[in-house]
Amino acid sequence: MTCIGSLATKTVAQMVETIRAVGVERVTLGTDFGQQSNPHPAAGLQTYADALFADGLTEAEIRRMACTNPNALLGIDS
């Protein structure tokens with residue numbers, strides 16, 4: 001059982017299962033790292049992305065959730 005962050009309530013495997021269920025096109029990737037008991041937000045997001053990759057998501061899927069989908073929601077051309 002791998003959880004990322006001291007306040008995590010779901011394992012990485014559970015998150016991958018949820019992402020697969022709804023589809024990467026409907027997910028934005030972010031974290032709420034930054035609390036004293038957790039890593040810096042940028043380092044935490046990288047750790048989370050690495051864990052998602054290790055559990056089977058592709059680099060393209062992670063990039064879509066972390067970059068493409070949020071840009072589309074904000075109306076930013078990438």
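This is a predicted model: local features need pLDDT of at least 70, side-chain atom pairs count only at pLDDT 80 or more; totals for chains, interfaces and linings use all residues.
Q: What share of the contacts comes from residues 24 or more positions apart?
A: They account for 58% of the contacts with a separation of 6 or more.

Q: Let's look at the helices. How do α1 and α2 cross?
A: Helix α1 covers residues 12-22 and helix α2 covers residues 41-54; their axes come within 9 Å and cross at roughly 70°. An angle of 65 to 115 degrees counts as roughly perpendicular, so α1 is roughly perpendicular to α2.

Q: Which residues make that contact?
A: From α1 you have Val12, Met15, Val16 and Ile19. On the α2 side there are Tyr48, Ala51 and Leu52.

Q: How many of those are nonpolar, polar or charged?
A: The contact of α1 with α2 has seven nonpolar residues, no polar ones and no charged ones.

Q: What about the largest nonpolar core, which residues touch the most other members?
A: That core has 14 residues, and the ones touching the most other members are Ile19, Leu29, Leu52, Leu57, Ile62 and Met65. Ile19 and Leu52 also turn up in the contact between α1 and α2.

Q: Which elements give two or more residues to this core?
A: Those are α1, α2 and α3.

Q: And which one gives the most?
A: That's α2, with four residues.

Q: Tell me about Leu29. What does Leu29 touch?
A: Leaving out residues up to four places away in sequence, Leu29 touches Leu45, Tyr48, Leu52, Ile62, Met65 and Ala66. Among the partners of Leu29, Leu52, Ile62 and Met65 are also on the list of core residues with the most contacts to other members.

Q: Switching to charges. How many salt bridges does the structure hold?
A: Three. In one of them, the side chains of Glu61 and Arg20 meet, with 2.7 Å from N to O.

Q: Is Glu61 buried or exposed?
A: Glu61 has a relative accessible area of 18%, and the cut-off for buried is under 20%, so Glu61 counts as buried.

Q: What else does Glu61 touch?
A: Besides Arg20, there are Val24 and Gly56, not counting residues up to four places away in sequence.

Q: And the other salt bridges, what are they?
A: One joins Arg26 and Glu25, where the closest N and O atoms are 3.3 Å apart. Another joins Glu59 and Arg63, with the closest N and O atoms 3.7 Å apart.

Q: Changing topic: where is Gly34?
A: Gly34 is in the loop between α1 and α2. Gly34 is partly exposed, at 46% relative accessibility.

Q: What does Gly34 touch?
A: Pro39 and Pro41, once you skip residues up to four places away in sequence.

Q: How far is Gly34 from Gly44?
A: In space, 8.0 Å from C-alpha to C-alpha; in sequence, ten residues.

Q: Last one, Gln14. Which helix is Gln14 in, and how accessible is Gln14?
A: Gln14 is in helix α1. The relative accessible area of Gln14 is 37%, so Gln14 is partly exposed.

Q: And how far is Gln14 from Asp55?
A: Gln14 and Asp55 are 41 residues apart in sequence, and their C-alpha atoms are 9.9 Å apart in space.

Definitions and conventions
Residues are numbered from 1 along each chain as its sequence is written. Side-chain values use heavy atoms; hydrogens and water are left out. Axes are lines fitted to C-alpha atoms, for helices over the stretch in contact, and angles run from 0 to 180 degrees between N-to-C directions. Angles under 35 degrees count as roughly parallel, over 145 as roughly antiparallel, 65 to 115 as roughly perpendicular and the rest as oblique. Contact means heavy atoms within 4.5 Å. Ala, Val, Leu, Ile, Met, Phe, Trp, Tyr, Cys and Pro count as nonpolar, Asp, Glu, Lys and Arg as charged, and the others, Gly among them, as polar. A salt bridge is a side-chain nitrogen of Lys or Arg within 4 Å of a carboxyl oxygen of Asp or Glu. Buried means under 20% relative accessible area, exposed over 50%, partly exposed in between (1.4 Å probe, protein chains only). A nonpolar core is a set of buried Ala, Val, Leu, Ile, Met, Phe, Trp, Tyr and Cys residues joined through side-chain atoms within 4.5 Å.
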